[in-house]
Structures are given as structure tokens and as C-alpha cells.
Amino acid sequence: MDSPRSVPRPREDKERPRFFDAKAKELCWQKAEVVPGRHPERWRKDAAGNVVCKRFFNCQGCLCYEYDHIIPYSKGGESTSENCQILQTRVNRFKSDKEWLDRSELENFSCDIKFTDKELDIIEMAVYGEVIRPGNQCRCRTVAEMLGQYRPKKPMAACELPYKQPS
């Protein structure tokens, strides 16, 4: 005789996936607000207006984000691109299973840190090895290149980081 623990239970939510699939995530990223002057495949603004970096998914920093169910999954929300928004991780944690919060309510949960363009350039350089901004693209120089031991094949100019201060 089987014990009650060994009998598999049918899943009630079998037709209702809990997580967003890759297509829904991509559409969700695409519908988020573009950060002016930044590469749209790298940077977006979340529903609270916070700048987030695409490489910083599922982490805890102020540039990190998660895919959020606008109508919470626990309240019947589907894992579709229409019910998806990107939110800074901290904002998503505070939002929890609340629904229909407006932008000002979400802003109250945001990190207090706001990054300057120079800081975002340095972060982008560290993360991607290059900075791509409309009309101003550059890449990270290698140590060998700085020592004059290597000439890059890439035509993109090397960035001047950190920024030179006026004399």
C-alpha cells in the first residue's frame, strides 16, 4: 500500500506557468521606457523611472531588475508580456503581491542612489567592455594596448576613462 506522501498530486496550475518565458521577457524589456542617450538593449527605465542594466537581472543592487507580474500571479495574473513590467529588484520586493500601484507609489520603494552619465559610462565599460551611446561609441583599452604592445583590430576608438578633469 502506498503512503499518502508517495502519491503524486495533479498540478492545478499546469496550464498556467509561474515564470515568464524568454519571448515574454524580451517583449517586456522592449516595452520599457528607453533611457535617453543610452543603448536601448543595455539600459531601460523600470515602471518607477529607475535606470536598470540588462546584465543585472535577478541581483540586489540599484541597477538590478526583475520581471514583475503587474497583476500578481497569486491573484490570477498570467505570465505574459502584457502582464509584465521590469522593476528594480528592491521595488519589486516591496511591491510584493500588491496590484495597480501607480508610479509615485512605486517610486517610494526605489533606491535613493541616482547615477550620473559618467558613472553609467564607467559601469557600462566594466560590464560590456565598451560604451555605446548615440554618436559616442568607444571601447575599453587592454593593458597590452596601453603599454604599446598591441594594436587593436577593432576600429572603435578607446574611451578616455576616468574622465579627464579640466586643468
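Predicted model: local features only at pLDDT ≥ 70, side-chain atom pairs only at ≥ 80, totals over all residues.
Strand S5, which comprises residues 84-88, is mostly covered, with five of its five residues buried. In a regular strand the side chains alternate between the two faces of the sheet. The partner considered here is strand S4, residues 65-69, which pairs with S5 in the antiparallel sense over five bridges.

Within strand S4 lies His69, and this residue stands opposite Cys84 in S5. Because its relative accessibility is 8%, which is under the 20% cut-off, His69 counts as buried. Two polar neighbours can be described for its side chain: a polar contact of 2.8 Å joins the side chains of His69 and Ser79, while a polar atom of the His69 side chain lies 3.5 Å from the backbone oxygen of Arg18. When residues up to four places away in sequence are not counted, His69 touches Arg18 and Ser79, and also Phe20, Gly77, Glu78, Asn83 and Lys95.

The largest nonpolar core consists of 10 residues, namely Phe20, Ala24, Cys28, Trp29, Ala32, Val52, Tyr65, Tyr67, Cys84 and Ile86. Helix H1 (22-31), S4 and S5 are the elements that give two or more residues to this core, and H1 gives the most, with three residues. Tyr67, a member of this core, touches Phe20, Cys28, Trp29, Cys84 and Ile86 among others, including Lys25, Phe57, Gln85 and Asn92, again without counting residues up to four places away in sequence. A second, separate core contains seven residues, among them Trp43, Cys53, Leu63 and Tyr128.

Tyr128 is also one of the buried residues of helix H4, together with Leu120, Asp121, Ile123, Glu124 and Met125. An α-helix has 3.6 residues a turn, so residues three or four places apart point the same way. After H4 comes Gly129, whose phi is positive, near 80°.

Conventions:
Residues numbered from 1 in each chain as written. Heavy atoms only, no water. Buried < 20%, exposed > 50% of the residue type's maximum accessible area, 1.4 Å probe, protein only. Helix = DSSP H or I, 4+ residues; strand = E, 2+ residues; numbered from the N terminus. Pairing = 2+ DSSP bridges. Polar contact = N/O pair within 3.5 Å; in protein donor to acceptor, adjacent residues only side chain to side chain. Contact = heavy atoms within 4.5 Å. Core = buried A, V, L, I, M, F, W, Y, C linked by side-chain atoms within 4.5 Å.
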